[in-house]
Amino acid sequence: MSTQGDRPKTAGPDDGPQPPFPLKLDGKVIKGFGRGSSELGIPTANIPISGLSVGGHEDVDSGVYYGWAGLSPSKATHQHPPHAQSDKYSHLSSGLQETLSAIAKDDSELEKGAVYPMCMSIGWNPFYKNTVRSVEVHIMHHFETDFYGSHMNLSILGFIRKELDYVSKDKLIEDIKTDIEVSGRSLAREPYAKLRKDPYLLEFEGKGEVAS
Ligand SMILES: Cc1cc2nc3c(=O)[nH]c(=O)nc-3n(C[C@H](O)[C@H](O)[C@H](O)COP(=O)(O)O)c2cc1C
Ligand SMILES: Nc1ncnc2c1ncn2[C@@H]1O[C@H](COP(=O)(O)OP(=O)(O)O)[C@@H](O)[C@H]1O
């Protein structure tokens, strides 16, 4: 069990997501196992696993997915709108970074929250042998601050790969970085990019606590 060798550059058909995508789910950002930032250098915002049942998705396969994440207004979104030029996001090649920033540029709705590209894992994290299934979202954007308590609306547009066990932490990190590139390239395709405008992503009313 280890990494997958040569990997495809994108995931899912070029002409847009096919059923069951988009898969929509949401939840409040809660504490995870505290390993994402400190051990992997790749933070993941966890939402309760019950988020899967909201849209009737409790049967969704474990694995790695990509899509768009809407984040409710918080210190994090106010300080760092998606098109801020100052902060560099280091896990994505610069060309892709520019493409994704351009997609986000006409955002006029920051007071309502913000929509970011994301790459996520649903599952048991076999490398860590977790005993509970988790939903963990890496937002492809550099934040200066955390955003626990914010609400996150997810539109999942494609499946990248199954969860794997790894011979080392470095191999896990290497594959997650490839997942991030694959997600960026996949989302930059026009039929996927335009779904960033799905109003659902910024609908937070009645979905519980919103961080201030
Ligand atoms: C894109 C992505 C892919 C992942 N793939 C795997 C995987 O194949 N195997 C695995 O054990 N964990 C995988 N993980 C989960 C990481 O192990 C997890 O994020 C880490 O344990 C941090 O967890 P924490 O944020 O709850 O502390 C993945 C995470 C992300 C964001
Ligand atoms: N780019 C990002 N993607 C996801 N979460 C981020 C990001 N930047 C900062 N964070 C914050 O970091 C937290 C996750 O950190 P992490 O070290 O994985 O700890 P834990 O999994 O225990 O919550 C998120 O809940 C969020 O508040």
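Start with the shell around ligand 2: α1 gives the largest share, 3 residues. Helices (H or I, at least four residues) and strands (E, at least two) are DSSP runs, numbered from the N terminus. Besides α1, β2 (45–47) and β5 also supply at least two residues each.

This is a predicted model: local features need pLDDT of at least 70, side-chain atom pairs count only at pLDDT 80 or more, and totals for chains, interfaces and linings use all residues. Residues are numbered from 1 along each chain as its sequence is written, while chains are lettered from A and ligands numbered from 1 in the order in which they are written.

Back to ligand 2. It has 19 residues around it, and G32, G36, S37, I139 and D146 come nearest. Near means a C-beta atom, placed from the backbone, within 6 Å. By type, 8 are nonpolar, 9 polar and 2 charged. Ala, Val, Leu, Ile, Met, Phe, Trp, Tyr, Cys and Pro count as nonpolar, Asp, Glu, Lys and Arg as charged, the others, Gly among them, as polar.

Now ligand 1. Among its 23 residues, G32, R35, G36, S121 and F127 come nearest. Suppliers of at least two residues each are α1 (36–40), β4 (114–123), β5 (134–139) and α5 (169–188).

One residue to look at: A45, in strand β2. Buried or exposed? A45 is buried, because it has 26 C-beta neighbours inside 10 Å; the cut-off is 20 or more for buried, 12 or fewer for exposed, partly exposed in between. V29 sits 16 residues away in sequence, yet 6.0 Å away in space, C-alpha to C-alpha.
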